[in-house]
Amino acid sequence: VAAPLSDSNYRFLREFLHARIGHDLGEGKEYLALSRLGTLVESRGLPSLSALFDLLSRPGDTALETAVAEAMVTGETTFFRTPAAFESLRRDVIPNLMRARAETRRLRIWSAGCSTGQEPYSIAFILAEHMSELSHWDVSILATDLSEHALRQARAGAYTDADTRRGLPPAMLDRHFHRRDDRWVVSPEIRKLVTFETRNLVDLMAFRSEFDVVMLKNVLIYFFADKKRAVLEGVRRAIKDDGYLFLGESETILGISSQFCFPPTGLEYYRPSAQGLADD
Ligand SMILES: C[S@@+](CC[C@H](N)C(=O)[O-])C[C@H]1O[C@@H](n2cnc3c(N)ncnc32)[C@H](O)[C@@H]1O
């Protein structure tokens with residue numbers, strides 16, 4: 001396990017991550033690969049890192065491929081990460097959509113790359129503020145990630161004290177959580193708004209004009225440009241023509257996709273552009 005990673009294995013890993021999950025591991029991240037894959041080597045009882053690469057280079061072991069991909073992704077997240085984006089969801093987007101969808105009474109939100117669930121639950125806490133008006137609506141949040149490990153925690157909806165201190169207003173902790181052993185557990189009313197599914201964004205997306213809002217925050221930062229473009233094309237097809245797209249605060253689609261309009265200063269979201277509509 002402690003043996004260094006050979007150049008050819010590192011090159012193999014970079015190509016594997018590009019093809020399989022779109023990620024650009026970059027140069028000089030051998031230390032990261034060593035520590036993350038070292039843990040996997042131990043947990044699988046393999047004799048060495050090169051044994052792991054031997055197995056990985058034989059196609060067909062999808063469970064191992066998934067485990068390697070999972071080991072290499074970063075699941076860092078908090079409740080209400082980028083508060084301005086959630087404020088804009090609360091103040092502009094949800095009220096606009098409640099007017100625009102008054103006939104169909106249907107709202108669909110997608111949290112893509114939801115990690116351990118803080119993001120979709122934060123969206124659900126905001127929807128809950130409108131629940132008296134939305135009580136006869138069909139409202140749901142689809143939350144997806146490639147990491148089964150992250151999704152297990154997300155589905156359980158159980159968080160440590162430290163997790164809840166990161167971004168969650170105390171009033172929301174009181175309102176939407178109960179204590180079980182040493183965890184804070186999200187209430188059933190909130191959990192029933194969210195469905196969790198395993199999905200790799202690099203795989204073809206079958207969604208067509210499904211979603212009113214897509215949150216794709218802090219996921220594409222790790223991606224190669226070609227895969228980023230492909231994912232944004234899939235997201236454009238998945239989002240309604242008058243929908244809303246949120247990206248992470250340090251992310252841009254400039255030079256990558258013209259299918260969404262750049263947000264005017266002060267707004268946190270992208271809208272599908274006229275060209276995006278023409279392309280459909
Ligand atoms: C840094 S976290 C961001 C979580 C949350 N969106 C936020 O902004 O706090 C990135 C998440 O994207 C997921 N992810 C990365 N590449 C992915 C892919 N190709 N398909 C699906 N999920 C992916 C990772 O598993 C991880 O949970």
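Predicted model: local features only at pLDDT ≥ 70, side-chain atom pairs only at ≥ 80, totals over all residues.
Local features are reported only where pLDDT is at least 70, and side-chain atom pairs count only at pLDDT 80 or more, whereas totals for chains, interfaces and linings use all residues. Residues are numbered from 1 along each chain as its sequence is written, and side-chain values use heavy atoms, with hydrogens and water left out.

The ligand sits in the largest pocket, where a pocket is, on a 1 Å grid over the protein atoms alone, an open set of points with protein on both sides within 12 Å along at least five of seven lines; a molecule is said to sit in such a pocket if more than half of its atoms lie within 2 Å of the grid points. Around the ligand there are 22 residues, of which T77, G113, D145, K217 and N218 come nearest, a residue being counted as near when one of its heavy atoms lies within 4 Å. Taken alone, the ligand exposes 610 Å², and the protein buries 99% of that, with accessible areas computed by the Shrake-Rupley method with a 1.4 Å probe, and with only the protein chains shown counting as cover for residues.

Residue S111 belongs to strand 1, which spans residues 106-112; strands (E, at least two residues) and helices (H or I, at least four residues) are DSSP runs numbered from the N terminus. The relative accessible area of S111 is 0%, and S111 is therefore buried, a class that covers values under 20%, with exposed meaning over 50% and partly exposed the range in between (1.4 Å probe, protein chains only). Leaving aside neighbours within four places in sequence, S111 is in contact (heavy atoms within 4.5 Å) with E119, P120, I123, L142, A143, T144 and M215. The side chains of S111 and E119 are joined by a polar contact of 2.8 Å, and the C-alpha atoms of S111 and L142, although 31 residues apart along the chain, are separated by 6.2 Å.

Residue F80 is placed in the loop between helix 4 (62-72) and helix 5 (83-100), and its phi is near 45 degrees, a positive value in a residue other than glycine. Because its relative accessibility is 9%, F80 counts as buried. From F80 to P120, which lies 40 residues away in sequence, the C-alpha distance is 9.4 Å.

The loop between strand 6 (194-198) and strand 7 (211-216) contains S209, for which phi is likewise near 45 degrees, a positive value in a residue other than glycine. S209 has a relative accessible area of 37% and so is partly exposed. N200 is found in the loop between strand 6 and strand 7 as well, but N200 is buried because its relative accessible area is 16%. A polar atom of the N200 side chain lies 2.8 Å from the backbone oxygen of R20, and, with residues up to four places away in sequence not counted, N200 touches R20, I21 and L146.

Two further buried residues complete the account. S257, in the loop between strand 8 (239-247) and strand 9 (260-261), counts as buried because its relative accessibility is 15%, and a polar atom of its side chain lies 3.1 Å from the backbone nitrogen of Q259. N9, in helix 1 (residues 7-21), has a relative accessibility of 18% and so counts as buried; beyond its neighbours within four places in sequence, N9 is in contact with S50 and F53.

Definitions and conventions. Polar contact = N/O pair within 3.5 Å; in protein donor to acceptor, adjacent residues only side chain to side chain. 1 Å grid on protein atoms, 1.4 Å probe; cavity = no way out; pocket = protein on both sides within 12 Å on 5 of 7 lines; lining within 4 Å.
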